Amino acid sequence: MTQTFEVRNPATERVLREVELTSAERTDAAIERAHAALPAWRAVAPGDRARLLRRFADAVDADVENLARLEVANSGHTIGNARWEAGNVRDVLHYYAAAPERLIGKQIPVPGGVNVTFAEPLGVVGVIVPWNFPMPIAGWGFAPALAAGNTVVLKPAELTPLTALRLAELAREAGIPEDVFQVLPGKGGVVGQRFVEHPLVRKVVFTGSTEVGRRIMAGCAAQVKRVTLELGGKNANIVFADADLERAAATAPYGVFDNAGQDCCARSRILVQASVYDRFLELLEPAVKGVVVGDPSHESTEMGPLISAEHRERVRAYLPDDANVAFRGSAPDGAGYWFPPTVVTPRSATDPLVTDEIFGPIVAVVPFADEAEAVAMANDTAYGLSGSIWTRDVGRALRVSRGVEAGNLSVNSHASVRYWTPFGGFKQSGLGRELGPDAVEAFTEVKNVFISTEEQ
Ligand code: NAD
């Protein structure tokens with residue numbers, strides 16, 4: 001019997017659509033079709049593959065408003081963010097459309113012959129996507145994978161499949177063959193698990209929690225399957241006394257409460273130099289209380305709801321009482337999985353509020369004495385994804401950037417993602433890099449061929 005899943009609007013709790021969950025058997029059949037589609041997709045001339053990706057990008061561009069509205073309804077993202085996310089898929093497709101014609105091998109001088117290398121596609125690539133950024137994270141996997149001549153099976157998160165299903169329709173409209181890019185909504189333990197186990201899937205690109213990522217890596221090890229992992233984060237926003245404190249405080253809410261804190265790059269620890277700690281909290285309070293929380297389809301809304309009732313319970317459990325709460329913003333009453341932006345000031349560095357990835361709108365503000373302590377505190381975590389450094393001292397900005405063990409740092413800014421630059425984590429935040437000029441190579445295998453020039 002076919003199983004279905006009720007997809008809800010987290011701002012209203014209303015059911016939007018019933019989506020069919022793909023079974024293990026149908027996942028295997030899709031993987032086999034993706035495998036069968038490889039020779040024809042590989043044979044598409046590089047310029048033609050580039051044109052197909054550009055047509056896909058154009059189809060996304062024409063559909064940005066529709067995709068954005070779907071994401072607002074399905075994920076509770078603010079309309080402004082959702083437009084950016086759909087636009088990011090378009091941009092990433094355009095960026096990697098340049099790759100097929102530039103995927104070149106090398107000729108290496110060797111004695112006795114000619115040696116050439118080829119950048120071969122891997123085969124079928126399985127992309128597993130979390131619920132927090134359904135569109136961009138899908139695009140970061142499928143765009144470079146398709147550009148390199150692979151076929152793709154993609155599993156969106158159970159809670160947020162709607163934009164991925166629409167992207168599959170747009171790919172078909174653009175002329176990408178149906179079996180070259182397939183979207184399979186379903187459960188992680190079924191569809192995702194088959195990506196890991198099926199020998200015809202040659203690489204798994206996983207974005208999600210560190211806990212599941214670890215299991216995927218262990219599962220892939222059985223076949224020495226290639227894997228890229230983008231996992232959790234507990235990122236530090238380090239504010240030095242010499243920083244532009246007004247700007248640091250005014251932008252800090254964006255750095256952590258964007259997407260209601262459901263962001264692997266959320267700066268959920270603000271480390272503030274002790275000499276300006278009280279002043280920083282004074283400046284932060286009105287900024288946090290001013291965050292506009294509410295209907296995500298309104299143009300002026302800055303923060304929407306959490307993704308589900310279950311997730312809100314998980315976030316709530318971090319604050320059994322108000323003991324650690326310094327202040328909080330507002331959130332609507334009534335239907336919807338709302339949670340106010342909340343600032344906590346725990347006394348101990350081992351408090352779960354300081355150590356755990358809460359993945360909700362709670363930020364811990366903690367004092368530090370000097371530069372060495374700031375770096376030590378920033379690194380006192382198993383994660384290493386992103387972070388911010390606020391200072392006017394260029395030397396310090398560079399020293400601290402080199403000292404913090406994280407893949408994506410920004411100085412006097414909270415931006416983490418620019419598709420031209422590599423994105424990924426140190427330590428338990430992941431393995432490998434997405435985006436940037438080198439991402440396509442992660443979807444190829446180097447083949448080395450020697451041709452003897454000796455007389456036969
Ligand atoms: P999750 O790990 O629960 O699920 C992620 C995806 O994996 C979903 O599609 C899920 O169905 C699937 N999955 C679950 N169990 C599986 C299994 N056994 N085998 C195969 N697939 C399985 O994560 P989530 O709750 O959807 O997302 C939140 C997490 O994602 C956070 O930890 C966040 O930090 C992380 N994240 C990381 C990045 C990054 O780029 N580093 C980006 C976004 C989110």
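**Exercise 1.** Determine how the shell around the ligand divides by class.

By class, the shell has 15 nonpolar, eight polar and five charged residues, where Ala, Val, Leu, Ile, Met, Phe, Trp, Tyr, Cys and Pro count as nonpolar, Asp, Glu, Lys and Arg as charged, and the others, Gly among them, as polar. The model is predicted, with local features needing pLDDT of at least 70 and side-chain atom pairs pLDDT 80 or more, whereas totals for chains, interfaces and linings use all residues. Residues are numbered from 1 along each chain as its sequence is written, and side-chain values use heavy atoms, without hydrogens and water.

**Exercise 2.** Identify polar contacts of the ligand (pairs of N or O atoms within 3.5 Å), and then locate the ligand relative to the domains.

Begin with Ser209, whose polar side-chain atom lies 2.6 Å from an oxygen atom of the ligand. An N or O atom in the side chain of Glu158 is 2.9 Å from a ligand oxygen, and for Trp131 the corresponding distance is 3.0 Å. Finally, domain 1 (4-231 + 425-450) and domain 2 (236-411), with bounds from an automatic or database domain assignment, both contribute shell residues, so the ligand lies between them.

Notes:
Polar contact = N/O pair within 3.5 Å; in protein donor to acceptor, adjacent residues only side chain to side chain.
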